[in-house]
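Here are my notes on the model you sent. Please read them with the coordinates open.

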Amino acid sequence: MVDDDVSTRASLLAVLAGAGIAAIGAASAEQALAFHAEQAPGLAVIDYNLPDADGLELAQALKEREPTLPVLLLTGHASLETAIAAVGQVDGYLLKPMATETFIEAVRRGLAQGALMAENRNLASRLERLSQNEALYDPLTGLPNRALLDDRINQALAIIRRNPST
């Protein structure tokens, strides 16, 4: 939760705590980036107006570090330009003041989105490992197949070519 206004940040953190959502607060983009490096949060909720950057700049910096991190942008100064600039940069856009339920629901959706993206990354990684394994081992018996034999023969030949005295 990044907001330079102490009372707003404290209120939103209290709302999240009341909803059973663990959160930490930051007063600036610099502090938020430091927390991100230490904590690896599942969601970033960012006020548009920060003392050292605007919320979109911070969102971009966080997305460069972690492209799948969901980011919600909060603003009390809604304008068409701000909304257009936010498209593609953030995953949600909330206007202050907002109903407590609206805020909690947006945070829960963002956390769920982050969890789904993490699960998707894990499944993709697992599928890649399985595909590589199936390319070299028989799926029925688990024994090495001809592709693995060819690979090992080529590796052995390459070693012999580099050092013929072996």
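1. **Elements and ground rules.** Helices (H or I, at least four residues) and strands (E, at least two) are DSSP runs, numbered from the N terminus. This is a predicted model: local features need pLDDT of at least 70, side-chain atom pairs count only at pLDDT 80 or more, and totals for chains, interfaces and linings use all residues. Residues are numbered from 1 along each chain as its sequence is written, and side-chain values use heavy atoms, with hydrogens and water left out.

2. **Confidence.** pLDDT is the predictor's confidence in each residue, from 0 to 100. The chain has a mean pLDDT of 88, and 99% of its residues reach 70 or more.

3. **The start of helix 6.** Asn 145 sits in the loop between helix 5 and helix 6. Asn 145 caps the N-terminal end of helix 6, with a side-chain oxygen 3.0 Å from the backbone nitrogen of Ala 147. For accessibility, buried means under 20% relative accessible area, exposed over 50%, and partly exposed in between (1.4 Å probe, protein chains only). Asn 145 is partly exposed because its relative accessible area is 22%. Ala 22 is 123 residues from Asn 145 in sequence and 50 Å away in space, C-alpha to C-alpha.

4. **The length of helix 6.** Does the span agree with the residue count, or disagree? The expected span of a helix is 1.5 Å times one less than its number of residues. Helix 6 (residues 146-162) has 17 residues, so it should span 24 Å. Its end C-alpha atoms are 24 Å apart, which agrees.

5. **The largest pocket.** On a 1 Å grid over the protein atoms alone, a cavity is a set of points where a 1.4 Å probe fits but cannot get out; a pocket is an open set with protein on both sides within 12 Å along at least five of seven lines, and lining residues have an atom within 4 Å of a point. Grid points are joined across faces, edges and corners, and a volume is the space filled by probe spheres set on the points. The largest pocket has a volume of about 350 Å³. It is lined by 21 residues, and the closest to its centre are Met 1, Ile 24, Pro 41, Leu 43 and Ala 44. Helix 2 (29-39), strand 1 (44-47) and helix 5 (100-136) each give two or more residues to the lining. Helix 2 gives the largest share, four residues.

6. Ala, Val, Leu, Ile, Met, Phe, Trp, Tyr, Cys and Pro count as nonpolar, Asp, Glu, Lys and Arg as charged, and the others, Gly among them, as polar. The lining has 18 nonpolar, three polar and no charged residues.

7. **Backbone points to check.** Most residues other than glycine have a negative phi, and most peptide bonds are trans. Ala 40 has a positive phi, near 50°. Ala 40 lies in the loop between helix 2 and strand 1. At 56% relative accessibility, Ala 40 counts as exposed. The peptide bond from Lys 96 to Pro 97 is cis, with omega near -5°. Pro 97 is in the loop between strand 3 (92-95) and helix 5.

8. **Two leucines.** Leu 116, in helix 5, is exposed, with a relative accessible area of 63%.

Note on methods
Polar contact = N/O pair within 3.5 Å; in protein donor to acceptor, adjacent residues only side chain to side chain.
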